[in-house]
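Hi,

Here is the model I promised to pass on.

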Amino acid sequence: MADMLLSLDDLAVHFKVGNALAGGVKTLKAVDGVTLDIKPGECLGLVGESGCGKSTLALAIMGLLPPTRGTIDVGGQQIGRGTMPDRMEMARTVQMVFQDPYASLNPRQTVRRTLADPLRIHGITDKAEVEARVIDMMAKVGLRPEQADRYPHEFSGGQRQRIGIARALILKPKLVLCDEPVSALDVSIRAQIINLLLELKDELGLSYIMISHDLGVVEHVSDRVAVMYLGRIVEQGGWQEIFEDPRHPYTRALIAAIPDPFHRAAISAQAKAKGEIASALNPPPGCHFHPRCPLKADLCVAEYPPLDAVAAGHRAACHFRDRVI
Amino acid sequence: MSTPLLKVENLRIALAGGGATYNAAENVSFEIGRGEAFGLVGESGCGKSITALAVMGLLRRPLSLAGGRIVLDGQEIQDAPPAEMRRLRGKRIAMIFQEPMTALNPLSPVGRQIAEMFVLHQGMGWREAMDRAEDALRQVRVPSPERRIKDYPHQLSGGMRQRVMIAIALACGPDLLVADEPTTALDVTVQAEIIDLMAELCAAKGTAILMISHDLGLVANMCKRVAVMYAGRIVESQVSDAIFAHPTHPYTRGLVDSLPRLGERSRRGRQRLREISGVVPSIAAYPAGCRFNPRCPAVTDICRTNVPEITPLPADGLVRCHHHG
C-alpha cells in the first residue's frame, strides 16, 4: 500500500528466554502477528497494559529489534527477518518521545548540544544553519533561546519533556512514537504537553503512535485506536467506535476500569475484568483473555478468534463480537 | 458530628536541608469519621504523603513534626513514645504503600508476614496465626491461598502483592487504613479490582480510609470527602461530587478542567485542553501570599502578599482563596 506511512504485516517479535540447562528454553511471544497501517498525518492510539507488547512493537518499528516473522514498511524502508534498515535513513523517518524525560536526556549535554548533534551527524555542517534550526525548534516547543545553554537538571519535568519532543522532531521525522509521554509528569502539567503535541502534529503534518494506558488521553488525541493484549491486537477501529461501541470484552474492561466520578461512561461495572494478566511466556490457550472474560464459553478455550470486521474499519478478535451488552 | 476517629489539627511538618528549615506542610487540618473514606489529593511534593507518614508516626529526618495535633479516637498521638506508636500501628492504624515489592520482606514467605500481625498484636501462637493468615489471603481473593501462603513476594504478581499488603494491613481489623497511592504501580484493570476490594473490605469491617493519590478521579470515586493540597497547604475540601461539579479554588478548577475525560470528545468534539500555566514551585521558593498566585488566572495584589484565610463552604467544605465564589 503506497499511500501508507507505516504498514505492519503479520509482525512478530519473539524472544528466547531461560537456560537450556536449567528448566529449558521458552519462547516469549512479545508481539505475535500484528497487522497495522498508519496514514500520513494520522494519530494511532495504542492501548494495553504492561506485558502486552506495546513497547516491543515500538522498538521494532524504530528498527531496534529484528522481527521474527512478518515485515515492517516504514516510509518506504523495509524491515523484515534478516533485513535491517539503514539507521541514518530511519532516524530521519521515525523518532521516539519517551516516558521519563530525565532518564532519556543526557545529563551532561546542554539543550543546544542535544539538539545540534543529530543535525551534524546527518550532514548539516553550516554552523549558522544548525544554530537557526536549534533555536527555531526550541521556539516551536515553547522554550526560550537563552535556555539553550542549560543542562537537563535545570529544567522542570514539563520543560524536560519539551526538550525530549524537540529532540525527536529536530530531524523532521514523519512518524513519532510517543511512549506514555505524560505519565511521568505532574498532573497540572499534562495538559500543556498534550496541547503541544497536537499543535505540532498539525503544524508539521506528523503522524503519531500514542502509546498510553490513560484512555482519557488516548480518546482525546487519537484518530484510530488499537488495543493490545498479550502480544496481539484484540480490537482496532476509529476512536469513536472504540470508545462508544467497543466490541471486545477487554476493551470494555479497560473502559470500565477508569474511575468515572460523573458516572457518564456507557460501560457498566459488570464489564470489569477478573483476575490478573497472564504471563506472556505461557498465555492461556484459545483466546488469551478467556480466563478473565465475562463472556467466556467453550469455544473461547478451544480457538483463538480471528480479528474480523465488525463494521468498515472496525475489527475485533472475539467470538462474540456481535453480542451487545 | 460525633467525635471523629481521626482529627488532624494545624499540622506543621518541617523539612531541614541545606542549612535552612522549610515547612513541607503547614496548617493541615482535617477530620475522618468512623468508617469514612477520606481522600487527600495533590501533585508530587505537595505534602500529602508526609501528612500520611505523620499520622502513622513515621516521620524521619530530615522531616519532623513541628506543630499541631493528631488525635486518634480522643487520644493525642503526636507525642506518643515510639513503643506506644508501634503498638498502635498495625492494630489501630495500618498503612499500604505504593510499591508492595519494597514494602514486603523479600526473605519471608507472605503467609508468615501476615501471621506475624496476629502473633505480635493478638498474642496468638504461630500455628493458629498461620491458619488465620490463610483465611486473610482468601478474603483478599488470592487464588489457592493454601499454596500461596508459602510463596515469597517475588513469586507473586504486582496485583497479588498488593492484595497481600491489604491482608496484612487489615489483619487486626484496624480503625483506620492509610493508603498511599495504593494502585499507582498497577495496571488499570488490576487497579480497578484492588480499589473495589479495599472499599468492600473496609466497608464490611467498618474501617475508615485515608486515601492519598494524585488521581482526583480515583479518589473522588472511592471517597466521600476529598481535600486538595497544593504546595504544603490544603486549598480546598469538599464532598466528592461537589468538587467535580463546583470546584471552588482556581487550582482545583484547573485540575478538573485540564484533564481529558473519557467521553468528553464524543459529546463536545475535540476542544483544546485548558492548561494550568507555569510549574509547581519548589519548596525552597514558595511564593509569598497564596502559593498558587503565580499560576492563577484570577490573581490580584492581595494574593501576592496575604495568605488567604479558610472560608467555609456548604456541607463541611472549605476553601482557601481570596476570590472564591
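In chain B, a network of salt bridges links B:Lys7, B:Glu9, B:Glu31, B:Arg69 and B:Glu76. By salt bridge I mean a side-chain nitrogen of Lys or Arg within 4 Å of a carboxyl oxygen of Asp or Glu. Over all chains, the whole structure has 39 salt bridges. Before going further, some housekeeping: this is a predicted model, where local features need pLDDT of at least 70 and side-chain atom pairs count only at pLDDT 80 or more, while totals for chains, interfaces and linings use all residues. Residues are numbered from 1 along each chain as its sequence is written, chains are lettered from A and ligands numbered from 1 in the order in which they are written, and side-chain values use heavy atoms, with hydrogens and water left out.

Back to the charged pairs. A:Asp10 and A:Arg69 join their side chains in a salt bridge at 3.1 Å, N to O. A:Asp10 sits in strand 1 (residues 6-19) of chain A and A:Arg69 in strand 4 (residues 69-74), so this pair ties together parts that are 59 residues apart in sequence. (Strands are DSSP runs of E, at least two residues; helices are runs of H or I, at least four; both are numbered from the N terminus.) A:Asp10 is partly exposed, at 32% relative accessible area, and A:Arg69 is partly exposed too, at 36%. My cut-offs there are under 20% relative accessible area for buried, over 50% for exposed, and partly exposed in between, with a 1.4 Å probe and protein chains only.

B:Arg138 meets B:Glu134 in a salt bridge at 3.1 Å, N to O, and B:Asp135 in another at 3.4 Å. B:Glu134 and B:Arg138 are 4 residues apart in the helix, which means a separation of about one helical turn; B:Arg138 and B:Asp135 are 3 residues apart, again about one helical turn. An α-helix has 3.6 residues a turn, so residues three or four places apart point the same way. B:Glu134 is partly exposed at 21%, B:Asp135 at 38% and B:Arg138 at 42%.

Now the interface. How many residues does each chain put into the contact? Chain A gives 45 and chain B gives 44, with contact meaning heavy atoms within 4.5 Å. The area buried between the chains is about 3700 Å², and carbon and sulfur atoms give 54% of it. (Buried area is the accessible area, 1.4 Å probe, that two parts lose on being put together, summed over both.) A:Val187, A:His220 and A:Glu276 supply 17% of what chain A buries against chain B, more than any other three residues.

On the chain A side, helix 6 (187-204) gives the most, with 10 residues.

A:Gly205 follows, with a positive phi near 65°.

In chain B, helix 8 (residues 188-205) also has 18 residues and reaches 26 Å. Just after helix 8, B:Gly206 takes a positive phi of about 70°. B:Thr207 is in the loop between helix 8 and strand 8 (208-213) of chain B, and counts as buried at 2% relative accessibility. A polar atom of its side chain lies 3.2 Å from the backbone oxygen of B:Pro174.

Cheers

Methods. Expected span 1.5 Å × (residues − 1). Polar contact = N/O pair within 3.5 Å; in protein donor to acceptor, adjacent residues only side chain to side chain.
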